[in-house]
Each structure stands twice: as structure tokens, then as C-alpha cells.
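Subject: Structure handover

Hi,

My notes follow below it.

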Amino acid sequence: MPTAPKGVRGAVITGWGSALPPRVITNDELSQTLDTSDEWIRERSGIHERHIGGTTAGLSVISGAAALAMAGLDPRHIDALVLSTTTPDRCVPATSATVQHALGLSCGAFDVNAACSGFVYALTVAHGLIAMGSSKVLVIGTDTLSRITDWSDRNTAVLFADGSGAVVLEAVDGPGQMLSWDIDADGSAEESLYAELGGFIQMEGKDVFRKAVRIMVDSATKSLAVAGLTADDVDVVIPHQANIRIIQAACERLGIPMEKASTDLHYTGNTSSASIPLALVDAADTGKIKKGDTVLLVGFGAGMTAASALIVWGGQ
Ligand code: ACO
């Protein structure tokens, strides 16, 4: 298990932003065309409504520009763009290239695809870039899952949605915010959740549910162990927003009270790569996260992947 090396250049988040498409689809609207109900969707997933529309590049530009503005940075001073997405606008080039140009960046840009764990993968990579000499990195998580969702399939259509969240990461003197991180993958579980090129998401819901709880708990436990912390040391959890019952089960097994979890899935649905940054931005904007808090980011996704990171908000 890799540990965060001592003495490398640290980083902190200095700006953040988000984007949700304006079109809202309520559970009641879905139940007009699907054999489902508002009551079933709320009880089984915690989702009340979701936002649909736009492109991955378009949403990324909105959240990325907001994060840059908050950090007070000239786009030309960004050293790298890392875009986490499972739904690129094209096979080639990477959507990050489109976003790089639209934001007026003049730096390297690449996509990361680790499904709903992708933002934590991207954030980890961005810390690595800063440790190796970059000064300012823009990290964006965006998905437009509505484009790969079969809207006549009630197993998936009630869950998935679109959105984007972004953070600016800047180098600091000293250790920065990252205490520990973990990235995992188990490719043997590929068939539990996949979409063929040009096809729709296929999902074994119950199987994913079971595995999700286990791998989220495993990943978070590894990050806690590397940081030398226990569940009691965690002030805020930012979990992947797939299903409120998955979040409850994972928190219970980790021994973290549910009140410490930031949740926004009731109005966002599952936005995959955007899920963790959207919940992070929501928590930061509403004051749920305060300077000095120990924050656990933890997600799981198709692959199946899992990832977690422990950060100190504002830096150590
Ligand atoms: N509306 C109404 N009834 C439904 C619906 C629906 N949308 N979907 C299923 N049902 C029915 C089933 O047919 C079943 O009926 P039966 O009892 O007569 O057989 C009943 O409701 C219960 O179905 P289950 O599948 O047992 O429901 P469950 O409690 O497992 O909830 C759900 C289903 C919400 C899909 C859950 O399993 C889940 O959230 N799984 C994880 C999915 C997930 O997180 N995916 C994203 C991964 S991240 C990424 O990479 C994108």
C-alpha cells in the first residue's frame, strides 16, 4: 500500500465551482413513462430529482471557470488540466482538450476514466503533478450520463444524471492538504456495470450495491490506516452519491455517524465523475466543511473501481 511520502511539495484547494444543467426531471415526471413511482425512487435511492442536459465539455467549462475565478487565477497560469469523465464528447480527442481551449488554458490536458471513483483518481494524480513540480492544476469531474442511459429502463433511468464539479489545486510550502490516498480496481467485476461503445449502461443493481459498500469501506479503511487516523478523526465524509442506502451502510460499517456525510443526491442523482466534487462544493459553500476539518472523500464505480483520500481542508 503506497503511503504519502514526507517532504514532497504539498497542495491545497484554493477554488471550486460546479455546474448543473437547467433541465430538472422529477421522479413524478419519470413515473409518467416508466413503471415506477416517486415513493419507490425516494425510498430505494434517496433521489428526488436530477438535472439533465448539456455536453461534458460545456459543463466542464462552466465549473472550471467558476473554480478559476474563485482562486483568482489567470487561466494562462494553470500548469495542467485533469478531467475525470466516463462520458467524453468524442472518442478522440480527449474532452479535456476541448475544455483546455475553451477556458483559455495553455497547458497539458488529459482525461481520466475511472467511472465514479474518477474524481478522486484525478485529484490524486494532480497532487502527484504538484509533487513533481507543477504549481497550479485544475481538476474537473464531469459526466453526462443521460447520454448513455436507456430512458425506458427503470433499473437505471431513475438513478443517473448530469453535472460537473471542479477544484483548483495550488502548491504550498509545507505538506499541504493530502494526508493519504488509495486507488483500487477489480476488473473481474466488469460485467456488473458497463456500457458498450455507443450503447447504454447495463447494471446488476443488487450486485453493485453489495460490492459498493464493501469496496468503499475497504478503501476508506486503507486511507485511514495510512494516515494513522481512526473514524473518530473524520469531520466530514464526501461519499459518491449513488444511493443514500449505500452511503448509510458504508458509514455504519466505518463507524462514522451519518450526520458527518455530505449528501446532495436528492437533487443531483448519480452524476458519476461529478458526484464527489458536486458534494464537496455543496459542503464547502454551505459551511459544512470548515478550515482545518479532516475530510474523507470516498467513491466506487464501474470497473469496479474504488478510491479514497483524506485531506485537511485548507491545509495542515
Ligand atoms: N421502480 C419501481 N420498482 C422497481 C424499480 C423502479 N425503478 N426497479 C426495480 N423495481 C422493483 C424490482 O423489480 C423488484 O420487484 P420484485 O420485488 O417484485 O421483484 C423490487 O423493485 C426490488 O428491486 P431490487 O432490485 O431488489 O431493489 P433494490 O433495493 O436493490 O434497489 C437499486 C435497486 C436502487 C438499483 C439498488 O440496488 C442500487 O442502488 N444499486 C447500486 C446501483 C449503483 O450504485 N450504480 C452506480 C454505480 S457507480 C457508476 O459507476 C455509474
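Which residue in E6 does Leu-83 stand opposite? Leu-83 faces Ile-140 there. Keep in mind that this is a predicted model.

Domain 1 puts 48 residues into the contact, and domain 2 puts in 43 residues.

**The five-stranded sheet**

Five strands make an open sheet with mixed pairing. Their order is E1-E7-E6-E4-E5. At the edges sit strand E1 (10-19) and strand E5 (108-112), each pairing on one side only. On average, neighbouring strands are turned by 20 degrees against each other, direction ignored. Helix H3 packs on this sheet. H3 touches E1, E4, E6 and strand E7 (162-172). The direction of H3 makes about 125 degrees with that of E1.

Back to the pair I asked about. E4 and strand E6 (residues 136-144) run parallel and are joined by five bridges. The Leu-83 and Ile-140 positions face each other across these two strands.

**Ile-78**

Ile-78 sits in the loop between helix H3 (56-71) and strand E4 (80-84). Is Ile-78 buried or exposed? It is buried, at a relative accessible area of 1%. Setting aside neighbours within four places in sequence, Ile-78 is in contact with Leu-68, Leu-73, Leu-105, Ser-106, Cys-107, Lys-136 and Leu-138. The C-alpha atoms of Ile-78 and Gly-108 are separated by 9.2 Å, and the two residues are 30 residues apart along the chain.

**The four-stranded sheet**

A second open sheet has four strands, in the order E8-E13-E12-E11. Its pairing is mixed. The edge strands are strand E8 (178-185) and strand E11 (236-239), and each pairs on one side only. The twist averages 10 degrees from one strand to the next. E11 pairs with strand E12 (residues 294-301) in the parallel sense, over four bridges. Val-237 stands opposite Leu-296 in E12. H7 lies across E8, E11, E12 and strand E13 (305-312). H7 runs at about 35 degrees to E13.

**Salt bridges**

How many salt bridges are there? The count comes to 10. Here are some of them.

- Arg-154 and Asp-35: the closest N and O atoms are 3.5 Å apart. This pair links distant parts of the chain, 119 residues apart. Arg-154 is in helix H6 (residues 154-157). Asp-35 is in the loop between helix H1 (27-30) and helix H2 (38-45). Arg-154 is partly exposed at 45% relative accessibility, while Asp-35 is exposed at 62%.
- Asp-74 and Arg-76: the side chains meet at 2.6 Å, N to O. Asp-74 is partly exposed at 23% relative accessibility. Arg-76 counts as exposed at 58%.
- Asp-207 and Lys-211: the N to O distance is 2.8 Å. Both residues lie in helix H7 (residues 205-227). They are four residues apart, about one turn of the helix. Asp-207 is partly exposed, with a relative accessible area of 21%.

There is also a salt-bridge network that links Asp-182, Asp-184 and Lys-222.

**Cysteines**

The structure holds zero disulfides. A disulfide is a covalent bond between the sulfur atoms of two cysteines. The cut-off for a disulfide is 2.5 Å between the sulfur atoms. Cys-251 is buried, with a relative accessible area of 4%. Cys-116 is buried too, at 9%.

Over to you.

Conventions:
Residues numbered from 1 in each chain as written. Predicted model: local features only at pLDDT ≥ 70, side-chain atom pairs only at ≥ 80, totals over all residues. Heavy atoms only, no water. Buried < 20%, exposed > 50% of the residue type's maximum accessible area, 1.4 Å probe, protein only. Contact = heavy atoms within 4.5 Å. Salt bridge = Lys/Arg side-chain N within 4 Å of Asp/Glu carboxyl O. Pairing = 2+ DSSP bridges. Axes fitted to C-alpha atoms, helices over the stretch in contact; angles between N-to-C directions.
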